Structure formats: structure tokens, C-alpha cells
Amino acid sequence: MATAARTLHLPAPPKPSSPSSHHPLIPSHIRLRRRSRVHRIAASSSSDLTSFPEPTPIPNGVYVPLAAAHPAATIDVDAATEAELRENGFRSTRRTKLVCTVGPATCGADELEALAVGGMNVARVNMCHGDREWHRGVIRAVRKLNDEKGFAVAVMMDTEGSEIHMGDLGGAPSAKAEDGEVWTFTIRSSDTSLPDRIIHVNYDGFAEDVKVGDELFVDGGMARFEVIEKLGPDVKCRCTDPGLVLARANLTIWRDGSVVRERNAMLPTISSKDWLDIDFGIAEGVDFIAVSFVKSAEVINHLKSYITARSGGSDIGVIAKIESIDALKNLEEIIRASDGVMVARGDLGAQIPLEQVPSIQQRIVKMCRQLNKPVIIASQLLESMIEYPTPTRAEVADVSEAVRQRADALMLSGESAMGRYPEKALSVLRSVSLRIERWWREQKRHEALELYNVSSSFSDKISEEICNSAAKMANNLGVDAVFVYTKDGHMASLLSRCRPDCPIFAFTSSTSVRRRLNLQWGLIPFRLSDSDDMESNLNRTFSLLKARGMVQSGDLVIALCDTLQSIQVMNVP
């Protein structure tokens, strides 16, 4: 089962002085340039771009992108980020990215826009629930929102996986299991709704594999049952830990204090339904596919080859969900093979002792950082906000710890998919992230994390060294931002890995690369029709950003380019 599946009924869808060329903090091999404050646009650039008026506001406070109002402009930035930069400046920008699962509470156009305005960077669709037509409507609604309102929200599709899980609950979103109640788990299929307290299980060998005395953990422990009797295809169980039983929830079998995993280990990671869903995701052009219950790197490599063959050259990132013991045994090879990782703590916590989850989360976050892979912390971040408008203090502490660990992204599951307060939950993630990030910078906590050399070719090693140097310079000089011009996003990701104090403006000509960069820590991705002339790119970028009030004369920036493998320090003219 995919992480924290919660849905059933789905309705329609300040400025320092500029450095001298002999600054003791800057390596002598790096070229420094003090740019003149008298700026002239290159002859090949667009005419008088700085004369454009401010972006046109629309009623909800989101700005219409300049490129939409003025076709001659050739730069796009997420509207919510632009408004934030204009209002509060560089240092205010949130570095931690936010992922929201879209469900019946948030699938409407107004609700999706509210999430985008609130800071959603990635919209997740969970293939555990709803049919493909419903998900198609959500994906296209997100794309329409991006096109019409100037956002850059990426789309992640989450596969269901082939682990043992329950079926639907007769159309009900959930059922309450009370202490001592006897429920029946059956492998019998039925075309009609099953009676109350009888639940279908998707695995035909379920009744054979379980034993009297075994414990069943529902949805990572949201409820717990003890097997008391086996009657053919039926397994009678007594509720020992009451709670909500949710449709299509994952089932984990425990025996003598350990998880029973032999049969689960034999199930394929990607089921036949998952392959059909993957074809659907490729056809709809999703940005990421998250694979549930990954056991080894082999399935990741196979899926990436399949996507390459079927997608006609489109680049879809593959996210490995870490939620089983098998994944922990093969963790490093899985991370290396993937394009990112999701720590699915709910299902993972059903297979390992609960007290091990925090240390394993920290281990995964550290390893992903070292290997330059984005990492998402998911499951039960603000679980209480499904029902209540205010989170528990323990939940806020949990979110704070994930931000302190410098995870790339935080993810809402049921809180945004079916919760009563999805916008408030997103606001909590945003405000906590901003506060902890600001505290980190105020304390100047530049952690001495050893970063592995991840580049194989000599050219990539040069880019890696440039990014490492740029991040150190940015912190030592207190620059306002780092600009990186990148074709495929690789140099931007290397900068993100270094976690500099300032935001990273990543400029790419690719719309899909721009969206995918929206998952990585500290990156503000722009779409810019660039040229091979770095001087022209900088002139045009400064003009466009100044016209939109996003930078000011005197701002100190570091500029990098992956094609030229160059680095420059300068003031905005």
C-alpha cells in the first residue's frame, strides 16, 4: 500500500559591500568581477525590458507572471515565490520544499490554487484511490493552474505496490474498530458490499500464512488485531488496539515480536496494476513516479529503463519509497539508483520497532545528502490535523527535527487529501520550516558534513568543486543569492546539496527540469531562454528580475554556469 493512503470517495476533479579582487576569503583561481552600476543591455537582448510595469495582481493576491502579461519577456518564476521575494527579500525564502497529496478535500481548482498559494511545490496523486480518469483530471488541473496562474507545481504519482492490504469498506471512507470487537478478514471476493466487520484481503495466501496468536497491524499500527481463529478462507481477529480502519490500508503480520516477511518478500515490487498506472503516468507527463515498497536497486533500474523506452525522451524522476526491512538492507544501492527517496515512516514503522524510526530517518537523510539525492519525509507529520485545526506540540517538534536534519521536502498525506484543514496543515509546515531555517542561519550552524564525491567524469568533478567553493563563498561573504545557469539541473542539485545560507536561483530553458528542481532544498527554479553568452544571460536576468522587484541594485550574487563551468562574484548593477 502507498504511504498513508486515506481516501475512498473521490469527487470531480540587508546588502554587504562588494568584494575586492584580493578578498582573502576568495580563492585566487576564481575570477572576480565588480560589475558597473551603469547597466547596458546587450544589443542581442530584448528592448528595454526594465520599462515593463509591475506584474498584474489578481484577486487572491497571486501575481500574473510577467511573461503572460508581456510576451516579449522570457523568464518564468513561480508566482508564490515571486510574491514572497518581493515582499520579504532573499533571506525570507523557504528552503524546505512541501509536497501535498491531492484527494477529495483538495481536488477542486480553487482548493489546488489555495495550496499553490500556500507553498505547495509538488502535488502527489496516490494511485491507491480513485480511477485513472479522476487522477487525469487532477494532473491536468495542476498543469492548467501552472499555465494560467504562473506556478511551477510538479506532479508526483505514487504507485500502489503489491504488499498485503485490505479492500474497500463498502463505500465508507473508514470504520471504527473498538477494543474487544471480533472482525473477520477474508480472501473471499464479492460483487456486493461485505457486512460490517468483514474485510476483504487482496492476498490469496493470507488465510494459509497467518497463525492463531499472530498480530495484524493495520496501516502501520493505526489499529491492531490478534488472530483468534481460522475458518477456511476466513480469519477471525479480536481488536486489541482500537482505532480507525481505513479502506485499502496496508496489513503487516507480526509473530513472536517480529514481522512476518517471507511471503511479502516474494511479492513483486511493481504489480500488474502498477505497470498500467505507470503507463498512465508516462502518458500524462508526470514529473516523478514514486515506487512503493522498494526492495532492491534492480527494480529502480528496470523502471528507469522502461520509462526511457516508453516516454520518447521525456525525463521522469523515479522516487524510491523506503518502507520495508528489505529496503533498509539494500539502502545505499537503492539511493544510488534512484532520483530521490521518500521516507515512508508509517509503513516502515510497522516493520521495525518504533524506537528505531527516528535514527533510521536521520541515517537516510544523511545518506541522501551525501549521494546528492533529494529526500522527502512523509507519513503522519501532522496526523491530528486530519480532524483538528491545531497540531499537537509533538507533531510540531517532529516537523522541526526533519527541517533541522536538512531534508529536502516534507509531505502531507491524509492531512491534505481528506483532512478537514488542508490549508492550515500546509501553513503549519511552511511556518515551522521558515522559523527553524531562520534559527539555523542566525546560529550560523554550518554543519561539517562530509560530502562524498559523486561525479564520475572529469568534467562533472570540475562542476562539483565549483559548487562546493561557491557554497563556502556564499556563506563567508554573506551573498544575497547564488545564480546557476543549468541545462539539465545537475549543477543546481550540487549546489542544493551544499545547503548554502542564501537561496539558489536556478535558471533553465527546460520547463520539465524547472518543475523537477522544485523538489530540491533551497532551489528557486526559473525558466529562462538562455544563450551561450554568459554576459548576455546575466544582463538579461538582472533586467528582468529588477523589473519585477525581485532583486535590487547592489545585491551581491555569485553566478555559475554548467556549460562554461564558470564562477563569478558581482553586485547587481
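Modeller: Happy to! This is a predicted model, with pLDDT of at least 70 needed for local features and 80 or more for side-chain atom pairs, while totals for chains, interfaces and linings use all residues. Residues are numbered from 1 along each chain, and side-chain values use heavy atoms, without hydrogens and water.

Biologist: What makes strand β21 (residues 523-528) largely enclosed by the rest of the structure?

Modeller: Five of its six residues are buried, so β21 is largely enclosed. Buried means under 20% relative accessible area, exposed over 50%, and partly exposed in between (1.4 Å probe, protein chains only). Strands are DSSP runs of E with at least two residues, and helices are runs of H or I with at least four, numbered from the N terminus.

Biologist: How do you know that β20 (residues 504-508) and β21 pair?

Modeller: Pairing takes at least two bridges found by DSSP, and these parallel strands have five. One of the bridges joins F505 to I524 in β21. The chain passes from β20 through helix α18 (residues 511-517) to β21 in a right-handed β-α-β crossover: with the strands pointing away from the viewer, the path from the first strand over the helix to the second runs clockwise.

Biologist: And what makes β1 (residues 75-77) a partner of β21?

Modeller: Three bridges join β1 to β21, in the antiparallel sense.
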